[in-house]
Structure formats: structure tokens, C-alpha cells
Amino acid sequence: MSKKKRFAAAVTLPLAISVILAGCGSGGNNDGGNATATGSAPTASGAAASPSAEAKDKPTLKLLRNYMADDYNTYPVNQFLEEATGYKLQNDMLPQENPGDKLNLIMASGSDYDLVDAMNKQDFFNFAQNGALTDLTPLIDQYGPNIKQAISPESFSGVTVDGKIYGIPTLNVSYVRTGLLIRTDWLEKVGKKMPTTLDELVDVLKAFKDQDPGGNGKNNIPMTIDAVALLDNLTGAYGIFGSWTEMDGKLVNVVNHPGLKDYVTFIRDLYDQGLLDKEFATNKSATAAEKFTSGRAGIYLAGWSSIPGYDEALQKNVPGATYQYIPPLKGPGGLSGFTEIGGFNKITFVPKSAKHPEDAIKLVNAMLDPDTFKDLFIGKEGETYTVENGNYMPIAPAFFDDRGQSNNFVIGMDEANFVQYWQARLQKSKPMFDNYKIINSVPQDQIHMDPLAFAPYLPKYSANSVKLDTLVNDRLIQMIVDGVSDKAIGDLQKAWNDAGGQDVEKEVNDWYASQQH
Amino acid sequence: MTPSRSRPFSEVVYVSIVYAVLTGAGILCLFPFLNVLAKSLSANWAIVSGKVGLWPIDLNLKNIGFVIGDDMFQRGFLISVSLTVVGTLASVVMTAVSAYPLSKKHLPGIKFVLLLYIFTMLFNGGLVPNYLLIKNLGLMNNLLSLVLPALISVFNLLLMKNYYESLPESLEESAKLDGASNLRIVLRLIIPLSAPVFATISLFYAVSFWSDWFHPMLYLNDPALKPLQLYMRDVVLQASDENLLNQDNDLLLNASPEGIRNATIIVSTIPILLVYPFLQKYFIKGILIGSVKG
Amino acid sequence: MKGRADWLSQIRRNYDLYLLLIPGLVFLLIFKYTPIYGLVIAFQNFNIFKGIGGSEWVGLQQFERLFHSADFGRIMTNTLLISLYKIVFLFPIPIIIAVLLNEVGRMGFKRSIQTIIYLPHFLSWVVIAGLFVNILSPSTGIVNGIIGWFGGEPVNFFMDNHYFRSVLVATAGWKESGWSAIIFIAAIAGLDPELYEAARLDGASRVRQMFHITLPGISTTIVLMLILRIGGVLEAGTEQILLLYNPTVYHTGDVIGTYIYRMGLTSMEYSFSTAVGLFESVIGFFLVIGGNQLSKRITGKSIW
């Protein structure tokens with residue numbers, strides 16, 4: 001028996017290894033052109049539309065892309081791009097987890113990619129400063145008329161280092177991302193109107209608690225949230241907008257914000273009175289969602305992108321349930337509003353070691369031709385979308401199958417038009433679209449853009465902001481559970497300063513002051 | 001083992017306790033898996049709202065069918081199976097060969113070699129030099145980058161060496177007196193006697209090759225080479241808490257529904273679960289020792 | 001001189017055994033010892049673009065950063081306590097399982113149980129964390145349901161510093177015990193059945209056989225596993241804790257791994273993470289060596 005096993009192993013091993021080698025090794029460093037495409041992307045051949053004559057002298061371009069769930073090389077957009085631009089594209093992909101780590105390794109060990117996506121400004125500037133990137137300024141002047149047309153000078157200023165353009169910036173849609181969903185049928189049952197102030201909100205929560213409009217008995221939860229302490233809409237009522245709020249021409253971090261203590265005390269009181277989920281600190285996002293969609297919670301802090309899934313579940317569990325985002329609530333000082341996020345989605349650059357820098361820019365230029373961009377982003381009218389009253393409406397499922405992931409393919413946006421195109425994907429579900437509109441069409445003075453969204457590279461801020469935000473969130477959760485005191489706030493401020501907050505504060509304010517003049 | 005004679009009462013009690021404890025442990029361990037299985041067969045709405053316990057709600061095979069039909073899944077499956085088969089065979093041979101001389105502690109220099117191995121269990125150069133090594137060997141984007149550095153797990157090597165040491169020395173002694181060479185002893189005596197430990201380390205190697213997502217993430221850039229576990233991890237993490245805090249809502253808009261996520265877990269885990277029952281017949285005690293002695 | 005001649009003759013007589021060492025040594029050289037130069041970046045402020053040659057040397061600064069961090073005392077205590085609890089309470093469980101399975105005569109039952117108890121190993125902590133949050137929920141969880149049924153007050157296991165470490169130990173035990181038992185099951189399978197036969201003829205009870213044949217028979221495996229386990233004492237289960245803890249239980253649950261993760265020190269802080277790893281390795285190495293010596297003296301068994 002064992003002898004047989006050994007024999008089998010001896011015979012099959014080299015065989016199997018050679019199969020793996022032949023089948024999967026993508027010849028690493030061979031010069032683009034002919035060899036690479038065949039070896040490593042066997043399934044991409046499905047896209048083999050007859051290459052036009054000019055494609056013959058165009059090289060295969062190697063791109064390093066951000067993570068997406070599908071394979072770039074077999075996704076319909078890739079085929080479209082190859083046909084529209086005449087370039088064969090070989091897309092490799094960064095991992096979903098810690099893409100920056102991997103990107104750093106690739107860049108430091110010498111890559112042969114022609115175009116690389118960086119999700120993180122910090123990485124991009126780090127590469128630029130270490131001399132790892134190609135100066136694109138002359139290339140864009142020479143080969144990039146569409147690029148100049150599509151991307152604003154303001155956007156370019158965010159990717160300029162020492163007067164040289166090192167990247168193609170891709171803008172994000174700016175929007176309010178989360179809000180408080182409230183069960184409007186519960187409101188009706190307890191005979192209350194949609195709250196407009198914090199006091200009314202507390203009143204409603206008390207009614208939810210006492211009258212149990214959902215009939216949940218001891219499992220009734222007036223309001224649930226994930227394990228986060230800064231809740232959009234409620235922070236606005238205390239004048240806190242995101243981590244950094246502009247006050248009198250200065251940027252103030254939430255830990256030093258004069259409204260912080262009142263805000264945490266307010267949430268602490270909700271928790272203390274049983275109006276806020278007792279278990280919120282242990283909630284995973286899925287746990288909190290369960291409580292809302294099974295009809296046990298009256299208010300839930302949610303991002304609009306999750307609404308389609310929630311809506312289906314809630315309707316199945318509680319037929320006829322209705323809900324919507326609460327409009328901005330007024331705080332004791334009359335303040336209110338939402339925090340808007342935005343900035344660059346990614347920055348695409350050409351490594352110094354790229355084999356085809358000119359062709360890379362020609363490709364980007366071709367992609368930013370207004371018609372090509374539109375087709376790349378949302379497809380063809382009548383096939384993947386229609387236009388109704390100026391709104392772009394998706395045709396399901398073609399739109400979501402063929403263009404659902406198109407945002408990952410984009411390199412630079414047609415900045416004048418992309419927001420409008422992009423809204424087509426919101427129409428995937430009507431409740432999502434309607435609720436997106438509720439929190440995104442409040443008066444402009446109640447929407448506060450993150451003041452650092454378009455900031456250039458601020459090394460201390462970039463290196464520390466995630467850590468500092470985690471620290472603040474952690475300490476605030478502890479206060480909500482254990483109680484708020486001046487000492488606890490003081491400890492938070494001290495811990496924040498010690499963890500680098502003080503330096504960051506100086507850095508962002510130096511930059512902000514320089515902007516004013 | 002033959003319950004022919006009537007047992008004393010104390011033994012009946014003892015055996016009942018053994019069965020009860022093991023059954024209890026079994027139930028505890030089975031329940032979460034059943035939960036995931038039930039979710040993979042349920043409708044999305046029921047999972048989102050936490051209704052699914054041990055039994056599917058709105059029973060359907062759509063999720064499973066969707067995953068199995070996905071070409072990323074199919075490719076990942078083939079890659080993982082070949083990786084596991086080739087990697088396990090190569091590693092088991094390599095480990096069995098390397099462990100045998102290490103079991104002869106009295107030979108000069110052997111302890112030093114053993115310490116060389118043990119040292120690497122605790123010390124390694126870290127991410128960057130390992131990455132550069134693979135890159136310089138020309139193994140980037142090549143599945144061999146997952147097999148070669150994993151050929152010997154020192155843990156498995158020690159298990160193997162330990163087992164060799166536990167074999168009755170008298171057997172080898174008598175074979176040596178008969179004039180058998182070391183090689184002959186290994187082939188005729190040691191290997192046939194080592195079925196349980198071969199089965200164990202085969203299982204361990206198979207599971208580690210199958211479950212590895214970290215090295216594929218590091219050494220493979222081509223999405224077409226993604227093994228199944230990395231594919232599964234990506235699907236599971238798509239809507240994890242960390243990503244919800246991430247700005248990119250487009251990623252969330254494209255995330256798989258819960259049912260599909262659970263179905264992915266099930267179909268990418270079941271294949272490796274089947275390895276153990278298959279190997280279990282080698283865990284039966286001592287049949288082989290008897291045969292050799294006889 | 002005589003010793004040397006003896007050496008040479010031993011080597012000459014067993015040259016074929018020495019040949020067998022070669023593939024393993026080549027493997028070690030290429031894949032384990034070549035990259036080990038990377039450890040020196042623990043003493044640098046490593047810049048990946050400049051490489052080791054171009055990076056600045058900072059001596060022990062990275063280590064000081066770890067030892068002088070505000071919460072070092074707390075995270076060190078937590079790490080050691082959680083690890084110790086896990087060793088004390090969880091190390092014996094797989095052995096007990098293996099021994100009990102050995103007492104089972106029905107093959108079908110034995111195999112089914114073996115297969116079932118190793119299932120949890122294959123579910124990732126991401127999945128398991130979600131399940132346990134539900135199981136242990138004070139309002140809807142089944143465990144608190146049972147506590148309530150006996151008239152007890154519900155316990156918020158994940159937010160109570162008295163219980164959190166127990167939760168960590170229990171969930172880790174549940175996930176890995178069945179898997180770890182495989183090693184001992186295999187070791188028992190390797191025992192000589194004649195020993196049991198002889199004992200039975202002597203009229204030894206099954207409990208007696210267990211203590212006098214089974215356990216001594218697998219004692220070398222137990223020693224091996226225990227020594228290796230002790231070497232990993234500073235890894236208290238980072239992934240598990242990251243997914244199970246929350247700010248209200250940092251006091252008892254925050255360990256080295258979770259702390260440096262939260263402080264953003266894992267990603268691209270190459271020098272710092274290497275320094276932390278090196279610290280853990282050195283401690284682990286001495287524990288393994290010490291454990292081996294100790295075991296040699298007490299039980300006469302050792303890895304080398």
C-alpha cells in the first residue's frame with residue numbers, strides 16, 4: 001500500500017509540477033507585446049474580438065488595479081476598452097486587505113507595470129518623493145488633450161509635487177453617506193411627528209420604548225447602532241462635522257470641539273435610559289442590521305448603500321413597514337447638519353520603471369474622450385441605460401452585469417458629467433435612491449464637506465489619522481457605557497495629543513491657514 | 001475491544017460517560033456549521049434579519065448554484081485542488097525523508113541539524129526579505145511560490161521524527177543484524193509502520209495548502225490565479241465592519257448578498273473536510289505493527 | 001582522539017542517513033536562512049526604497065517604542081494571562097478527547113465524532129465572531145436564555161471585564177480542540193495493541209489501561225506539543241481577539257498583537273513590526289530551550 005503510494009508520488013510529482021509551471025507561470029519580465037498575454041490570462045481569450053490593424057503595433061499594457069470581486073480581464077468593460085482604445089490590456093489586481101502593503105513591495109522591488117492605481121494618497125506621495133514615478137507633465141501636454149479637458153486644474157493640483165504632475169486623479173462622488181433610518185409606521189402608531197430637534201427625538205424614543213409599537217416585548221430596541229460613537233446627524237446638532245470641523249477659520253478636531261462633552265453626555269443619557277441599544281458596543285454591523293430588519297429596532301444608523309438588502313428583509317418580516325432617513329435634527333444651540341465626504345477615489349500613476357509610459361498616457365487620453373468615457377462608465381443608451389427626465393436609469397440586469405463595476409476601470413473622471421452618470425447605479429433600488437436624496441438634498445448650509453477631503457499630502461495627518469480616529473471612537477464608547485466626566489474628556493485629549501494628535505493639529509492648521517490667503 | 005464477555009457495572013457506567021461526553025462535544029461543534037449551511041440554503045432576507053438558525057428559511061439551492069456556476073470559483077477550485085494535491089505529495093515525501101535521520105539522535109551532528117530546524121520555527125526574516133526572495137527566484141505570479149517555501153513544516157517534521165523515535169528499537173536492531181541497509185529498513189520497515197503519522201501529516205499539509213490565503217495574496221497578482229480560499233476570504237470580507245467604514249460605497253453596492261457569502265463558505269470548505277474521513281482508516285491502531293511482527 | 005575516530009566511523013557507517021539530510025538542508029538554506037538577514041531591520045528605521053544598506057540605524061529605538069508605549073504593562077499582563085489560561089485550560093482538552101475516543105468501540109460513532117469535532121477549525125474567526133455575538137447576547141442569546149431559566153441575571157459576556165477572558169478561552173477551545181486532538185489520536189493509533197492485550201489478560205480495568213498504557217504511550221507527543229505551545233506564549237490569539245473585543249473590554253482583552261494593530265503599527269512599519277516579532281521570537285526561543293531542558297530533567301523526554 002505505502003509502496004504504491006510512494007511510487008505514485010514519484011511519478012506524478014514532476015508531472016504535476018510541470019503542468020503547473022506550463023499552465024500558470026506568467027513569464028514575469030518578458031517585454032509586453034506578444035508573450036505575456038497568452039500565458040497568464042487564459043480566459044481573457046473570450047474577449048478576442050478581431051484586433052484592428054493598428055492594434056498590431058500597439059503594445060500590451062500592464063495595469064495594476066484596485067481590488068474588485070470580479071476578474072478585470074474577463075469583465076465586459078475590459079473588452080470594450082480594448083476595442084475602443086486598440087490596446088491589449090493585462091490587468092493585475094491588488095488584494096482587498098492592506099493593498100498599500102503589497103503596492104509598496106511591488107514598487108520597491110521594481111515593477112514593470114505601465115499604470116498603477118493607488119487608493120491612498122500617502123502611498124502615492126511616498127512613491128513620488130522616493131523618485132519611483134514618471135513625471136507626467138510633458139506626456140500629458142503632448143498626448144493628453146482629453147485628459148486636460150476632463151480633469152480640472154484643482155484636481156491636478158492635488159497630485160502635483162514640486163510643480164510636476166505625477167498622477168491622474170480620479171474624483172469621488174461627494175455625498176452624505178450615513179443617516180438615521182426611522183420606522184415611520186412606528187411614528188404613526190405612537191402618534192408622533194417626524195422629529196426635528198433632539199428633544200423631539202428623545203420624546204419619540206421614549207414613546208418607542210414605552211409603547212412598544214413593534215410588539216417586541218422585552219426585545220424592543222428604540223434605537224440601535226454599530227459600535228461607533230460619532231453618529232451622523234446627531235453630531236451635527238452639536239456643530240461637530242466629522243473628525244475636523246472648521247471654526248473661526250481654524251480646523252478643530254472632535255476631541256477639542258466645545259460641543260463634544262454635551263454631545264457624548266446626550267448619547268450617554270440615551271444609553272442610560274435604555275433608549276439606545278444596551279449591546280451596541282458589541283454589535284457587528286450585521287447584528288445591528290438584524291435588529292432593524294427583523295423589526296425590533298425603531299431607529300438605526302445606516303449607510304444608504306445597504307438599504308436594498310435591508311428593505312427586502314424588513315418587508316418580508318414586517319409587511320407594510322415604512323421607514324426613511326431623519327432630516328437634520330436641531331440641537332440645543334440651534335445647530336444642525338450632515339457631514340459630506342469626498343475627495344479622490346484613487347490616483348493612477350506611471351512607475352519610473354514602466355515599459356510604455358507614452359502609451360499609458362495615450363490609453364488614459366483615449367479613455368477620457370467624452371463618448372468613450374460615457375460608454376465605459378454606463379454603457380450604451382437603450383442597452384444598459386435609458387434617460388428619463390434628465391435622469392439616467394439603469395436597465396437591469398444588463399447595466400449591473402456589464403457596468404456595475406465600471407468605476408474600478410475608470411482612470412480619471414469626466415469631471416463635468418460623472419456624478420450624473422453615476423446616479424444611475426443608485427436606481428438599483430427605489431428606496432435607496434429616495435433615501436439618498438433625503439440626506440443629500442438638504443440645504444447647502446446644512447451639508448459640511450470634510451475640510452481635508454482635497455488637502456494635499458500632509459505626512460503626519462496621513463500617517464496618524466486612522467489611529468487617532470480609532471482612539472477617539474474607542475474612548476467615546478467607553479464614556480457612553482461608563483459615564484462622561486471632565487476627567488474622561490481630559491484623558492481623551494491627553495491620549496490624543498500623546499498619540500501624535502497635537503502635531504497633526506498643527507500640520508493641518510498650517511496648511512489650512514495657507515489656503516486662506 | 002470485543003464486547004463478548006459480560007461487563008462489570010462500573011465499566012458500563014464508564015462507557016456511558018465516555019459516550020455522553022463525546023456526543024455533547026460533537027453537538028457543540030456541529031451546531032455553528034449547521035448554521036452556516038442553513039444560511040447558504042436560505043433566502044437573503046431571512047439571513048439579513050437573523051432568522052436562520054439550524055434550519056433554512058425559504059429553502060433554495062440558488063445561492064449554491066450561483067457560486068458553483070461562477071467562473072472565478074471554478075478556476076479557484078481547480079487551482080486549489082491541484083495545489084493541494086501536488087503540495088501535499090511533495091511535502092510528505094520531503095518531510096518523511098528529512099525526519100528519519102533526525103530520529104537517530106545519537107549520531108554525531110544530528111542534534112545540531114535539529115536545532116537548525118527548530119530555530120526557524122521561531123525566527124524568520126519577515127515579509128520584505130521573503131518577498132524579495134520569491135521575486136529573485138522568478139516565482140512571482142507562479143503557483144510554485146506557494147509550494148516550494150512550504151515543502152517542510154518544522155512542526156510536521158517534529159511529529160514525524162517523534163513518531164519514528166517511538167517505534168520499537170528492537171525491530172530495527174534485528175533487521176540490522178540480518179544485514180539490511182538503512183535504506184532497506186526505511187522502505188520495508190519504517191514506512192509500513194508509519195501509516196498513522198503519514199495520515200496525520202498528509203492531513204495537516206493538505207489543510208495548510210488548501211487554507212493558505214496569505215501567500216497567494218502576497219505572491220500572485222494575476223486574478224486568474226486566485227486560489228479558492230483567497231476568493232472565499234474576499235467574498236466574506238466584502239461587507240465586513242472595516243469595509244463599512246471605508247468610503248467606497250461602490251464596493252458595497254457590488255458586495256455579494258449574505259446567502260451567497262455563506263454558500264461560498266460551504267462550497268469552499270466541504271472539499272477539504274472530505275479528506276479526513278478518507279484518511280481515518282489509517283488511524284486504526286497497530287494492525288500494521290502486528291503484521292510486521294508476524 | 002578515540003571519540004573522533006568513533007565519530008568518523010559512525011558517519012561512514014551511516015553515510016546514507018546523512019545523504020537523506022541534504023534536501024532538507026538545501027531547503028532550509030534557501031527558504032529559511034537566506035531571508036533571515038531581514039531581522040536586522042529591527043535595529044533600523046527601514047525605508048523599503050533605500051533598502052537595508054541605505055536605511056538609518058537606530059539601535060534599540062524600535063524596542064523602546066514598544067516597551068515605553070503608554071499601555072505596555074497592561075498589554076503584557078493581558079497577553080501572558082490569556083496565553084497562560086489558554087495553556088492551562090485548553091492544552092489538556094485534545095488529549096482527553098483523544099483518550100476518550102480510544103475508549104469507544106463503535107467505529108461508526110468514533111469516526112463521526114472525530115470528523116464533527118474538527119469542523120469548527122475550518123470556520124474563520126470572522127464567521128465565528130458573528131455567531132458568538134448572537135449566542136452570548138444578553139437579550140436574545142441562548143446562553144443567557146439558559147442562565148435566565150435557572151433564575152440568574154443575564155450576563156453581557158462581551159462587555160464585562162470579569163468574563164471576557166473566559167469567553168476568549170472558551171471560544172478558542174471550542175474552535176481548535178477537535179483539530180488539535182488529531183495529533184494525539186494518531187499517536188494513540190501508533191501504540192502496540194499487544195500492550196493492551198497483555199493488560200487485559202492481567203485483569204486491568206479500562207481506566208487502569210488508560211493511565212498505564214495510553215497516557216505513557218503518548219507522553220513524548222504530549223511533551224513535544226507542550227514545549228512548542230509554550231514557545232508561542234506571546235501570541236495570545238490576535239486575530240481572535242481583534243474580532244471579539246470592543247472598547248469596553250480593552251482593560252482585560254487588549255494584547256500585544258491587538259494593540260499594535262490598533263495603533264496602526266502593523267502596516268508598513270517594517271522596522272517596528274520586525275522588532276516586535278523579534279522580541280516575541282527571543283522570548284519564545286528561550287522558553288522552548290528551557291522547556292526542553294526542564295522536561296529532560298523531569299520526565300526524561302525531550303525534543304532534542
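In the predicted model, the domain assignment of chain C places domain 1 at residues 1-33 and domain 2 at residues 69-263, and the C-alpha centres of domain 1 of chain C and domain 2 of chain C are 40 Å apart. Chain B is likewise assigned a domain 1, covering residues 1-60, and a domain 2, covering residues 70-293, with 29 Å between the centres of domain 1 of chain B and domain 2 of chain B when these are taken over C-alpha atoms. The contact between the two domains of chain B draws 9 residues from domain 1 and 7 residues from domain 2. On the side of domain 1 of chain B that touches domain 2 of chain B, helix H1 (9-40) and helix H2 (44-48) of chain B each supply at least two residues, and H1(B) gives the most, with 4 residues. By class, this side of domain 1 of chain B consists of 5 nonpolar, 3 polar and 1 charged residues.

In chain A, both domains are assigned as two segments, domain 1 comprising 54-173 + 345-416 and domain 2 comprising 176-341 + 428-451. The centres of domain 1 of chain A and domain 2 of chain A, taken over C-alpha atoms, are separated by 36 Å. The secondary structure of chain A amounts to 21 helices and 18 strands, and 50% of the 517 residues of chain A count as buried. Among the contacts in chain A with a separation of 6 or more, 78% are accounted for by residues 24 or more positions apart.

In helix H3 (residues 76-85) of chain A, the buried residues are Val77(A), Asn78(A), Phe80(A), Leu81(A), Glu82(A) and Thr85(A), and the buried residues of H3(A) pack against E2, helix H14 (357-367), helix H15 (370-378) and helix H17 (406-409) of chain A. Gly86(A), which follows H3(A), has a positive phi, near 80°. Asp203(A), by contrast, is located in helix H10 (residues 198-211) of chain A and counts as partly exposed, because it has 15 C-beta neighbours inside 10 Å, where 20 or more would be required for a buried residue. Between Asp203(A) and Lys352(A), which are 149 residues apart along the chain, the C-alpha separation is 62 Å.

The contact between chain A and chain B takes 53 residues from chain A and 47 residues from chain B. Helix H1 (2-24), strand E2 (88-93), helix H4 (99-108), helix H12 (285-293) and helix H13 (307-317) of chain A each provide at least two residues to the side of chain A that touches chain B, and the largest share of that side, 9 residues, comes from H1(A). When sorted by class, the side of chain A that touches chain B has 18 nonpolar, 23 polar and 12 charged residues. The contact between chain C and chain B takes 72 residues from chain C and 78 residues from chain B. Here helix H2 (residues 15-33) of chain C contributes the largest share of the side of chain C that touches chain B, namely 11 residues, and the residues of this side divide into 48 nonpolar, 18 polar and 6 charged.

Within chain B, the axes of helix H8 (residues 154-166) and helix H11 (residues 195-211) come within 10 Å and cross at roughly 175°; H8(B) and H11(B) are therefore roughly antiparallel to each other. In this pairing, Asn156(B), Leu159(B), Met160(B) and Tyr163(B) of H8(B) meet Val197(B), Thr200(B), Ile201(B), Phe204(B) and Tyr205(B) of H11(B). The contact of H8(B) with H11(B) is made up of 7 nonpolar, 2 polar and no charged residues.

As for Phe184(C), its contacts, not counting residues up to four places away in sequence, are with Pro94(C), Ile95(C), Ala98(C), Ile218(C) and Thr221(C).

Technical notes:
Residues are numbered from 1 along each chain as its sequence is written. Chains are lettered from A and ligands numbered from 1 in the order in which they are written. This is a predicted model: local features need pLDDT of at least 70, side-chain atom pairs count only at pLDDT 80 or more; totals for chains, interfaces and linings use all residues. Ala, Val, Leu, Ile, Met, Phe, Trp, Tyr, Cys and Pro count as nonpolar, Asp, Glu, Lys and Arg as charged, and the others, Gly among them, as polar. Axes are lines fitted to C-alpha atoms, for helices over the stretch in contact, and angles run from 0 to 180 degrees between N-to-C directions. Angles under 35 degrees count as roughly parallel, over 145 as roughly antiparallel, 65 to 115 as roughly perpendicular and the rest as oblique. Domain bounds come from an automatic or database domain assignment. A residue is buried if 20 or more other C-beta atoms lie within 10 Å of its own, exposed if 12 or fewer, and partly exposed in between; C-beta atoms are placed from the backbone.
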